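I opened a new notebook page for this structure.

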Amino acid sequence: MEGGGRVAWVKYGPVVSLFVVLLAVWFRSQENTVLDDRLDTVLSSLLRAERKVGMNSVARPRVAVGFGGCVDLIVDGVSLLNKIGLPATDQPLHHDYIESAEQLAQSFAYFFAPGAAAERFVLNDTLFNELVEASRDLPGNRWAVGGNAPVMAGRMATEGCDVLLGGSFSSDFTDVLSQHITVAGNTVEEPDIHLILEYPSGAEWGSYTSRRANRYIVHSDDHNPYLASMEEFAKKLLNFEPDLVVVGGLQMMDNFPFHAGERATLLSRLADLLSSVTPTIGVHFEMASFVEESIMEDLLHYVIPHADSLGMNEQELPNLLSLLKGSNITVLSDPNPRVATVLDQMREVYRLLNQRYQDASAESEEEATLKPLTRLHVHTLAFQAMIVTRGSKWKNTMSATAKASLTANRHVCGSNDIDPSKARLIMDDSFSVSRREGSQRIPLQESKPVSCWYEDDYEICVAPVLVCTEVYQTAGGGDNISAAGLVLQI
């Protein structure tokens, strides 16, 4: 009997095995078909939400964006470090700024493994020049217009706005800008170069493997920290009559070796400029990678009180919240936070900043130029989230959240046409609106993917991101996303 069984298995075993394999392939193809159909439905629904609001064909919105700009040299980060012979360190460490190759390796490793974005000033000119020269010859390198302000200006011009851009650029730089962008600032001979060390998800460097695609930025910029274009920008702002003023690029001041009191003087001038903006005009401040506690405190004193809209990523949100609560800033946070966690942090930032506004307004009549926070946009890899005060100037929140989500894919994949075969959803099928026990769960509906609801005096909208799986570039993602979301709300 046993022998007969063995004979039968020898005879029919290969057939059974083939059947099992074919069955597995069939189930996998069915599963992929369901996922493909789901992505197609989410994409078409997001596009429909985006198109619900059209741009005014009679008058293009007018947006003033400052400050600064640079030329980005984009390279594969691991290839560059390998080329200069920098081995992977066994000590991933945080450094506020970079003075040596060893610190560069430690800092890169610190952010590379979790896949968190970071930007650091390089005090060592010799090291930075070595990195630039090595990058020039690296296969696959790319040059691009860089800096928060030019990138946001470029996106807004593409989306149908006329833009006043505050920055000091070379003639070659201004030649490649959109015809809908007017530059306010001085002309420089050579623009500053910022090195963008990109890496994909799953990249390996020594014993480290990146959890998600991101970038590590280094620069030795000695022009942009001084906001040299601010005076010219202020002059042209009067006649430009903007519908919105956007401020970004202030992270160039982070850990820059200013003389005592120099940075505070510059930010005080910026505060004067922002306070001169007509109260009915929105002011948006785009956060960035800040690690120096004193500059964060300066921003809370000079800049944020004059902005009624803030934009930031999943690293910058807990950083700001920590400082508002009297703690030290957080250098590294979860690069893939849950929706409930982000929403709770957003509510707390919204509450604390508006409490500060109320306290300041009550203390002095001179604080009439300050603004309450009425719009907060957080962009993460998996989703977009917005809080907008009911009855405020900001409109079309649902469509704006959808547009921000779509722009995330368009920018990272490097194409205006979104290909679902090069995207995936990593947001959960349902999410809690808060980490508080008993909180409502909202399911992700493919035919209506943007979830919006009201709480207290504001509306919250959350949209999933079709995460690009074939990354073209991550640098500039936040600027493009924030700019696109703003366009539909002014």
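Entry 1, a disulfide. I looked up the link of cysteine 413 and cysteine 468 and found it right-handed, with 105° about the S-S bond. A disulfide here is a pair of cysteine sulfur atoms within 2.5 Å. The S to S distance between cysteine 413 and cysteine 468 is 2.0 Å. Cysteine 413 belongs to helix α12 (residues 397-413) and cysteine 468 to strand β21 (residues 467-468), so the pair ties together parts that are 55 residues apart in sequence. Helices (H or I, at least four residues) and strands (E, at least two) are DSSP runs, numbered from the N terminus. I noted both cysteine 413 and cysteine 468 as buried. Buried means under 20% relative accessible area, exposed means over 50%, and partly exposed lies in between (1.4 Å probe, protein chains only).

On the source: this is a predicted model, in which local features need pLDDT of at least 70 and side-chain atom pairs count only at pLDDT 80 or more, while totals for chains, interfaces and linings use all residues. Residues are numbered from 1 along each chain as its sequence is written, and side-chain values use heavy atoms, with hydrogens and water left out.

Entry 2, the other cysteines. I counted 2 disulfides in the structure. Cysteine 452 is joined to cysteine 461, with the sulfur atoms 2.0 Å apart. The torsion about their S-S bond is about 110°, so this disulfide is right-handed. Cysteine 452 is partly exposed, at 31% relative accessible area, whereas cysteine 461 is buried at 0%. With the bonded cysteines numbered in sequence order, I wrote the pairing down as 1-4, 2-3. I also looked up cysteine 70, which is buried at 2% relative accessibility, and cysteine 161, which is buried at 0%.

In what order do its strands lie? I read β6-β5-β1-β11-β12-β13-β14-β15-β20-β19, an open sheet with mixed pairing. Two strands pair if DSSP finds at least two bridges between them. The edges are β6 (181-184) and β19 (451-455), each of which pairs on one side only. Neighbouring strands of this sheet are turned by 15° against each other on average, direction ignored. For angles, axes are lines fitted to C-alpha atoms, for helices over the stretch in contact, and the values run from 0 to 180 degrees between N-to-C directions.

I then picked out β1 (residues 62-66) and β11 (residues 244-247), which pair in the parallel sense over 4 bridges. Glycine 66 stands opposite valine 247 of β11. Helix α10 (residues 316-324) lies across β13 (309-313) and β14 (375-379), and runs at about 120° to β13. Contact means heavy atoms within 4.5 Å.

Strand β3 runs parallel to β10 (residues 214-219), and 4 bridges join them. Which residue in β10 is the bridge partner of alanine 118? It is tyrosine 216.
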